[in-house]
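Here are a few notes to read with the model open beside you. Take them one at a time and find each residue as you go.

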Amino acid sequence: AGTMEELDRSRAFAKDVKRIVVKVGTAVVTGKGGRLALGRLGALCEQLAELNSDGFEVILVSSGAVGLGRQRLRYRQLLDVTAAQLLVNDSSFRDKEFRKQLNETVKSMLDLRVIPIFNENDAISTRRAPYQDSSGIFWDNDSLAALLALELKADLLILLSDVEGLYTGPPSDPNSKLIHTFIKEKHQDEITFGDKSRLGRGGMTAKVKAAVNAAYAGIPVIITSGYAAENIDKVLRGLRVGTLFHQDARLWAPITDSTARDMAVAARESSRKLQALSSEDRKQILYSIADALEANEKTIRAENELDVATAQEAGLEESLVARLVMTPAKISSLAASVRKLADMEDPIGRVLKKTEVADGLVLEKTSSPLGVLLIVFESRPDALVQIASLAIRSGNGLLLKGGKEARRSNAILHKVITDAIPETVGGKLIGLVTSREEIPDLLKLDDVIDLVIPRGSNKLVSQIKNTTKIPVLGHADGICHVYVDKACNVDMAKRIVSDAKLDYPAACNAMETLLVHKDLEQNAVLNELIFALQSNGVTLYGGPKASKILNLPEARSFNHEYCSKACTVEVVEDVYGAIDHIHRHGSAHTDCIVTEDPEVAELFLRQVDSAAVFHNASTRFSDGFRFGLGAEVGISTGRIHARGPVGVEGLLTTRWIMRGKGQVVDGDNGITYTHQDIPIQA
């Protein structure tokens, strides 16, 4: 629900918004003693001035007579743009000619880049308390703002308050929760309002009534805090700020709350519908997903670019930002991998073993989906596509929780994929978890979730293992080694070492430690390897031996995963030294030897206890797609169930199917067990 709201916020507010009405409550710009809060007012004025200079048409509604009017006019200099104040009262809007002139006047002001500032003329207002006079057209500055937004055909109305937005109860109540999307059918009878504004005539009740009126007349509305710096800018960028009011809100979020259990149960029910389809129908779903990815490339990239921009603004490391980027080539590659997965042999219901138990009694061991998977993955939106397609191919239900940095990308990819799933199965086959707070609840559901696969830091994997009874499959670190033996082909060694580090430095199968045989120091091969890395911008750190030989800064730890253009170098005595180093400091992910000596190679391949061990090949080949698995849900460094890149087979278990002719056990009397293997027909 949150995902759909966030996605549509981005579309509604980040694009096609030109004219904005901003209402500032008295409580926003005054302090406890009723005096002007210059800091907040200054920050607000800066936002309005910036919007004005960026070409937005800004109309301000403020509680001037009650709040701002108490202070001396010299504070007007805070607004570094031309502004004009317009006082209006209720009766003015009964005059059609006035309304026509109002539109023309505001248009002229906006054309001149003047910000109109509207106030209700409280001094001459004779109406009773807000909303108690049925003859009124507006009752306070909140309803005035809504009226102006409609009258002046605004694209967006922002009501700034002294709280974050609309809560389920008084904001001071710790049990109250912020409502991100107001759904009239759901919330109008559930909300308990606190007191009205301490200085103004309105309050949250007035804001909600104004917001509902404007929203259901077609003007999107946000109620958010005027205390937080740059909140208006955040709204326009589509960030999840405050409470959203929109005429289509009920389409973005469910009217009834969906619990973690509801989500998991729905995924299981949908997975059973998926398993009931024919092999050809399941294959067609994947073809449809691949087509949808390509057809929605522009939309996917637009949402992804917002994520990337936000990550860069937040100062995220270059390697993390690189993982976020969805290029046209990456989207095309994802579509190709989904099609390849569709073309593979159907993994469900394959007969793995067939046995005649007794005369006329046949037993089959068959492949079967695990059930419901919970995958917690890093900020790599392409991982969502891979995981979802593998779940569909293997007949499993799926719950996904991606990194917050890829929030928009995950949301649009989830929508594209679930829209391609036929109604006979249902989009609830794949649930997208949008909040970290939901994870603890999901980890308790060992009766409806069958496997957890965490993809992320060692800390994340350890936390999940320690807080759930559900089986956990995955790896924590990707500390991959390349050992260059004394019998190496030098050119080959340089190619492999460079590719293992530089092809995709942020990947978990990238080389993090280069181990070099001691003899290669004497014949200058070590220097050639170092030059090959440094000339391509790789920062090198040395172990105790290498740092002295090569004059490198010493690495703080051999157990460090850089995920960037950096790595550790160390010199070892021989292949046994390399194997010992890998066992002490590696993560059992992927390790490689470069040598022309077949005996040394076989020794390394047999004795290195990692999920993937290579001879004369880059560690970057340790990948489900490159292994021919179609895609991967993750890489497992454990020893139970699945190891290495986990494709479709790692998401399957087995079932026993027995076909008989009325046989009974009856204490094993009258039955002769044959236990003969029966050939499996292709």
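Leaving aside its neighbours within four places in sequence, which residues is I430 in contact with?

1. Keep in mind that this is a predicted model. Once those close sequence neighbours are set aside, I430 is in contact with A388, I392, L398, L400, H414, I417, T418 and I421.

2. Now zoom out to the largest nonpolar core, which has 49 residues. I430 is among those with the most contacts inside it, along with I289, I375, I392, L398 and L400. Several elements each supply at least two residues of this core, including α11 (279-295), β12 (397-401) and β13 (430-432). The largest share, eight residues, comes from α15. Apart from this core lies another one, of 37 residues, and I59, A149, L159 and L166 are among them.

3. Next, the rings. A search of the whole structure turns up five aromatic pairs. One of them is F93 with F98, an edge-to-face pair at 5.5 Å centre to centre, with 80° between the planes. F93 is buried, at a relative accessible area of 0%.

4. Have a look at F182 and F245 too: they form a stacked pair, 4.7 Å centre to centre and with 25° between the planes. This pair links distant parts of the chain, as F182 sits in strand β6 (residues 181-182) and F245 in strand β8 (residues 243-245), 63 residues apart. F182 counts as buried at 3% relative accessibility, and F245 counts as buried at 1%.

Definitions and conventions
Residues are numbered from 1 along each chain as its sequence is written. This is a predicted model: local features need pLDDT of at least 70, side-chain atom pairs count only at pLDDT 80 or more; totals for chains, interfaces and linings use all residues. Side-chain values use heavy atoms; hydrogens and water are left out. Rings of Phe, Tyr and Trp (its six-membered ring) pair if their centres lie within 6.5 Å; planes under 30 degrees apart count as stacked, over 60 as edge-to-face and the rest as tilted. Buried means under 20% relative accessible area, exposed over 50%, partly exposed in between (1.4 Å probe, protein chains only). Helices (H or I, at least four residues) and strands (E, at least two) are DSSP runs, numbered from the N terminus. A nonpolar core is a set of buried Ala, Val, Leu, Ile, Met, Phe, Trp, Tyr and Cys residues joined through side-chain atoms within 4.5 Å. Contact means heavy atoms within 4.5 Å.
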